[in-house]
There are 2 protein chains.
Amino acid sequence: MEQRLAPNTKLSEARLCETFGVGRMRVRRALLLLSSQGIIELQSNRGAYVACPDKSEANDVFAARMLIEPPLVRQLAQNPNDIDLALLTDHIALEDAAREKNERTEIIRLSGEFHTKLAQSTGNKFIFRMMRELVTRTSLIVGLFGSSENASCPDDEHSNILRAIRSQNPEMAEQLLISHLNHIQSGLVMKSRQEPQDDLAAILRSD
Amino acid sequence: MEQRLAPNTKLSEARLCETFGVGRMRVRRALLLLSSQGIIELQSNRGAYVACPDKSEANDVFAARMLIEPPLVRQLAQNPNDIDLALLTDHIALEDAAREKNERTEIIRLSGEFHTKLAQSTGNKFIFRMMRELVTRTSLIVGLFGSSENASCPDDEHSNILRAIRSQNPEMAEQLLISHLNHIQSGLVMKSRQEPQDDLAAILRSD
DNA sequence: TTGACAAAGATTGTTAACAATCGTGAACTG
DNA sequence: CAGTTCACGATTGTTAACAATCTTTGTCAA
């Protein structure tokens, strides 16, 4: 889970088998699950390929998050839970640490996880699962289209959102989150085709 | 897809194989997918069982829908699409027909599908998928806890919601949908354990 | 040189036999 | 008679060989 795979990378069963040292059945089951989560794409008789979201899909992801997350944080701010607030505070400390060390992939991962944990703190299994799926996809997108300096989430917006929740200010929390999502989205470089360098990356990695 | 299966019914691989006339691999793949959607539960070395949502899960489902659907219909009402409106109108005609014939399972199915089609008409793949999952789960719950007369969706609430959307009245559409979800939820009989008659049903059906 | 065609190689999809695990019931013991 | 243990049957999990499909490569002809 540390190393990121370039989109459109082909995942051959044989290689996954020997990489992870498991039978083909396990690999196929894992691939099926990943494809049901939209992380890879299974093409009949052709293999599994890492999903390669395009501009339109990216817009859909952010539209979906714009629909769900604002009411979510509003609700959290109306009824904050001390335990979850503590967990989120700890999490932000982790983010800051990663930011200091300039670990880009780790920053992306933790930035996503913050939003997942927000959803998790509702205690609602379904909200959590939906959010996790959207966050996973967002991470893919940021990894693809994110400009290198603005690595994903502008510095301390997470911490501001958390503060608004803690101070039980629903309107502010909601507004901060909306701006936050907008910042992330506007930080993306929406080149409509990014295949060349990805094919290259796939070739380099395929050995 | 017509006949409903009682929760906690065991789905043995062998029986599914001969029922659908297909190899064990296909069956296992289908079971894995169904379990990833939470429709069945896979127990290691013990088999697959139809999911049996309890009171707490039912609350979570409605909480999640309460979070998503109101903003969704509000958004639809702000920007209605003629084609989708026509499709939804047709759909309501189907619902009315089923209601006249008193086909309970069909009414439940179509009632759910209305909400799915609402989500679909956003054109957003992710919103659609989320909604479909929630609606599926809701159907399970209504089939389990729904009282027989109030079969799921009070008569013409769908039609009222659609009318509000068509007349581009976001507040009314949102409010109608909130009431609608509340009606459905309050129509449920929340017995915390419903095993006896389900076990019976499972036994009767197991042949 | 380029294009099409065909055969070989590689990869995925399927099947069937085998291994492991679990539930049940009979036998045994206290 | 109650409780425990063991063995058998049934069911799921795994493996390996086979079939089907796709990709590639080499050849031939225009």
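Predicted model: local features only at pLDDT ≥ 70, side-chain atom pairs only at ≥ 80, totals over all residues.
Colleague: How are chain A and chain B related?
Modeller: A 180 degree rotation, with 0.0 Å of shift along its axis, puts chain A onto chain B at an RMSD of 0.1 Å. The two copies are thus related as by a two-fold rotation axis.

Colleague: Which C-alpha of chain A is nearest that axis?
Modeller: That of I68(A), at 2.9 Å.

Colleague: How many residues touch across the interface?
Modeller: 18 residues of chain A contact 18 of chain B.

Colleague: Which helices of chain A supply them?
Modeller: α2 (24-36), α3 and α6 each supply at least two residues. α3(A) gives the most, with eight.

Colleague: And what classes of residue are on that side of chain A?
Modeller: 13 nonpolar, two polar and three charged.

Colleague: What share of chain A's interface residues are interface residues in chain B too?
Modeller: 100%, so the copies meet through the same surface.

Colleague: New topic. At what angle do α3(A) and α6(A) cross?
Modeller: Roughly 135 degrees, and their axes come within 10 Å. α3 covers residues 55-78 of chain A, and α6 covers 125-145. The two helices are therefore oblique to each other.

Colleague: Left-handed or right-handed crossing?
Modeller: Left-handed.

Colleague: Which residues meet there?
Modeller: From α3(A), A58(A), V61(A), A64(A), R65(A), I68(A) and L72(A). Their partners in α6(A) include I127(A), M130(A), L134(A), R137(A) and F145(A).

Colleague: How does that contact split by class?
Modeller: 11 nonpolar residues, one polar and two charged.

Technical notes. Residues numbered from 1 in each chain as written. Chains lettered and ligands numbered in written order. Axes fitted to C-alpha atoms, helices over the stretch in contact; angles between N-to-C directions. Helix = DSSP H or I, 4+ residues; strand = E, 2+ residues; numbered from the N terminus. Parallel < 35°, antiparallel > 145°, perpendicular 65-115°, else oblique. Left-handed = near helix turned anticlockwise from the far one by under 90°. Contact = placed C-beta atoms within 7 Å. Nonpolar A, V, L, I, M, F, W, Y, C, P; charged D, E, K, R; others polar. Least-squares fit on C-alpha atoms with pLDDT ≥ 70 in both.
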